[in-house]
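Open your viewer and keep the selection tool handy. We'll hop from stop to stop, and at each one you'll get something to select and something to look for.

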Amino acid sequence: MSITRRAFNRAALAGAGLAAAGPFAGGLIRPASAAERLLVVQWGAQWIEVSKQIAADFNKTNDTQIAWELHSGGSAAVIAKIKAVWPNTQYNVLSVWDPVFRTLIKEDWLVPIDESIVTNLATIPDQFIQKNDKGQKMTVPLSTAGAFWGYRDDLLPGGFDSIEDLLRPEFKGKLCVPYPINLTGLFIVSCAIQRGGDEKNAEPGWDFVKELASKGQIGEICTSNSEYINAMATGQYSVGFWNNGGWFATAKNFPVKLKNRMPDNKGFLYNEGFCVLKGCPEKAAFEFANFFAEPKMNELYNMNLGSGPTQPSAKTNPMLVDWYYKPDELAKYAYFADFAYLSSVMNEWNARWEREIVPLVRRG
Amino acid sequence: MLWPALVIMAPLLLGPLLALLHESLKPYVGGRIGGDDAGALTLANYAEIAAPEYVRYFLDTFRVGLISSGLALVLGFPMAHFIVRRASPPVRRLLIGGLVGTLFLSLIVRVYAISMTFGPLGPLSGFSRLLGIASNSPDGAELMVVLGLMNTTLPLVALTLIGTLQNINPRLEEAAMSLGAPRWKTFFLVTVMMCLPGILSAGITAYAFCISNLVVPMLVGRGFILFVSNLIYARFSEVANFPGGAALSIAMMVISVGLFYGLLHLVRSTWQEAGK
């Protein structure tokens with residue numbers, strides 16, 4: 001039997017047509033409009049869900065078109081994309097966190113926040129706001145977030161007392177941890193703190209991670225929130241170190257306990273929020289950021305993320321009562337890492353992970 | 001007339017490659033974005049990846065790529081043979097349409113589907129046990145990567161081989177059988193042998209796709225299986241070490257091109273030897 005070229009093309013076109021029909025039927029083609037357009041980069045999972053919800057409210061009174069792009073992996077990845085085309089970047093507003101804010105400010109890519117438009121910035125505590133060398137406010141902090149150890153209580157009733165316990169045989173393959181460059185190395189810092197070190201004396205942390213890896217305790221190394229949330233949902237892993245967003249999403253479906261008050265370790269706190277890149281329609285971008293910083297929207301945003309609001313009048317999600325620290329607990333349990341230092345050693349830590357840790361986990 | 005092609009290819013291919021080569025020679029200081037333009041050119045980025053630990057990543061990439069593309073060929077050839085020689089016209093149309101249609105399916109969807117089906121909690125999780133592999137072990141992660149890559153390259157291989165098989169006159173097979181050759185011998189010594197250039201071409205395409213893949217090991221490798229592409233991505237995207245990423249890219253390209261021409265030379269010399 002033979003196939004004519006025409007028959008082959010017809011069959012191929014039929015397959016291609018079927019595959020292509022879906023998206024067009026879904027209405028990807030929209031009419032053009034003369035309104036301002038903003039391209040906003042946001043994390044996936046619940047970040048994008050709640051952001052779209054708030055943006056829909058924003059568009060009831062403002063005709064600025066909002067297009068979204070998701071961070072691929074950690075939010076630091078967006079830096080390389082911008083660098084490659086700077087100053088012609090297509091991005092306008094970025095949703096990132098403290099270490100990335102510091103890099104963007106250092107590169108002089110951000111516009112100082114116009115407080116005459118972002119009026120809601122006035123009620124956000126000043127210490128949450130990142131500033132440039134001239135003292136100008138460069139960010140609109142939306143969340144107080146953190147990175148903590150925790151576990152699924154249904155899989156590990158009773159949990160663990162110290163992360164030293166995680167070296168025990170029953171935890172083999174049960175740990176889900178971030179790739180070292182995700183969360184800007186906080187996983188390594190946490191392990192260092194456990195053994196008496198810190199970010200500037202990380203050697204004890206590397207030794208601890210090597211012990212975990214060589215004993216086969218690490219079951220998965222995640223590179224994004226979505227990956228972590230999916231991994232913890234499978235039930236294969238009972239213990240993890242991740243940010244509050246990942247834990248919050250897991251806690252919606254499974255009983256989760258955070259180990260953020262261990263006597264020999266610490267929880268990490270930092271801020272997430274918006275910044276505006278140079279060369280964008282600034283007024284539209286500031287109006288957009290201001291809308292998200294309204295106390296009501298700030299409350300809605302953080303209720304869905306499992307983060308602490310930055311507006312003092314916004315209510316915190318009741319699920320998070322024990323997740324964050326009371327003022328008198330901060331000194332004992334909270335750790336504010338030196339992100340400027342961590343950013344400077346990320347390349348070295350990444351190479352070290354590739355050379356020293358991956359071969360160990362690979363052996364199982 | 002080669003010059004119109006050269007005019008287009010030079011800026012599109014050669015230009016970026018030269019820029020990459022230049023970037024790979026720049027010094028990198030931690031915390032910076034990209035290489036230091038003011039610094040003297042250096043081979044330090046190449047020296048760093050010459051460490052023995054990195055040989056493992058190159059070997060893993062080439063080994064897993066070879067297994068995946070080999071399996072895609074082993075499964076793709078009978079599939080193509082069935083479509084060309086055995087299937088009725090409606091079935092043939094359906095199968096070709098299906099193969100082309102899968103090319104439009106997002107790679108991420110396909111990889112996650114594999115993971116959900118064959119992963120530790122999937123309905124076919126027993127498949128890995130058949131091979132003596134625990135699905136939640138590092139070898140289980142490698143199996144997921146192999147299945148993900150094979151699933152992605154199989155339609156490409158099958159479609160390429162359909163074209164090859166179509167160009168072989170079926171009467172040659174009938175002639176062999178009428179002269180007493182059993183069906184299996186006809187298949188291997190006539191059909192397969194005459195398809196060898198097409199098989200080689202499909203194999204090289206699949207292999208190139210596999211070893212340059214980023215998404216599959218990233219999604220189902222669980223951080224245990226890292227291809228060289230993953231190391232390059234981490235440098236460019238996460239730590240902004242463009243010179244390190246560029247050095248890895250150039251090294252990978254040189255090794256891959258060397259491997260390709262080595263294989264080509266081997267195949268050609270074997271055929272020439274056989275033809276004497």
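Start by selecting Val228(B), Ser229(B), Asn230(B), Leu231(B), Ile232(B), Tyr233(B), Ala234(B), Arg235(B), Phe236(B) and Glu238(B): these are the buried residues of H11(B). Buried here means that 20 or more other C-beta atoms lie within 10 Å of the residue's own; 12 or fewer makes it exposed, in between is partly exposed, and C-beta atoms are placed from the backbone. Helices (H or I, at least four residues) and strands (E, at least two) are DSSP runs, numbered from the N terminus.

Two notes on what you're looking at. This is a predicted model, where local features need pLDDT of at least 70 and side-chain atom pairs count only at pLDDT 80 or more, while totals for chains, interfaces and linings use all residues. Residues are numbered from 1 along each chain as its sequence is written, and chains are lettered from A and ligands numbered from 1 in the order in which they are written.

Next, select Ala240(B), which follows H11(B). Its place is in the loop between H11 and helix H12 (242-275) of chain B. Most residues other than glycine have a negative phi, and most peptide bonds are trans. Ala240(B) is not a glycine, yet its phi is positive, about 55°. Is Ala240(B) buried or exposed? Ala240(B) is buried, with 25 other C-beta atoms within 10 Å.

Select helix H3 (residues 52-86) and helix H7 (residues 138-166), both of chain B: their axes come within 6 Å and cross at roughly 40°. Axes are lines fitted to C-alpha atoms, for helices over the stretch in contact, and angles run from 0 to 180 degrees between N-to-C directions. That angle makes H3(B) oblique to H7(B); under 35 degrees counts as roughly parallel, over 145 as roughly antiparallel, 65 to 115 as roughly perpendicular and the rest as oblique.

Which residues have the most contacts inside the largest nonpolar core? Select Ala289(A) and Leu161(B) to see them; the core has 162 residues. A nonpolar core is a set of buried Ala, Val, Leu, Ile, Met, Phe, Trp, Tyr and Cys residues joined through C-beta atoms within 7 Å. H7(B) gives the largest share of this core, 15 residues.

Finish in chain A. Select Lys83(A) in helix H3 (residues 77-85) of chain A; Lys83(A) is partly exposed, with 16 other C-beta atoms within 10 Å. Move on to Trp86(A) and Pro87(A), joined by a cis peptide bond with omega about 10°. Last stop: Leu183(A), in the loop between strand E5 (175-178) and helix H5 (186-194) of chain A. Leu183(A) is not a glycine but has a positive phi of about 55°, and Leu183(A) is buried, with 25 other C-beta atoms within 10 Å.
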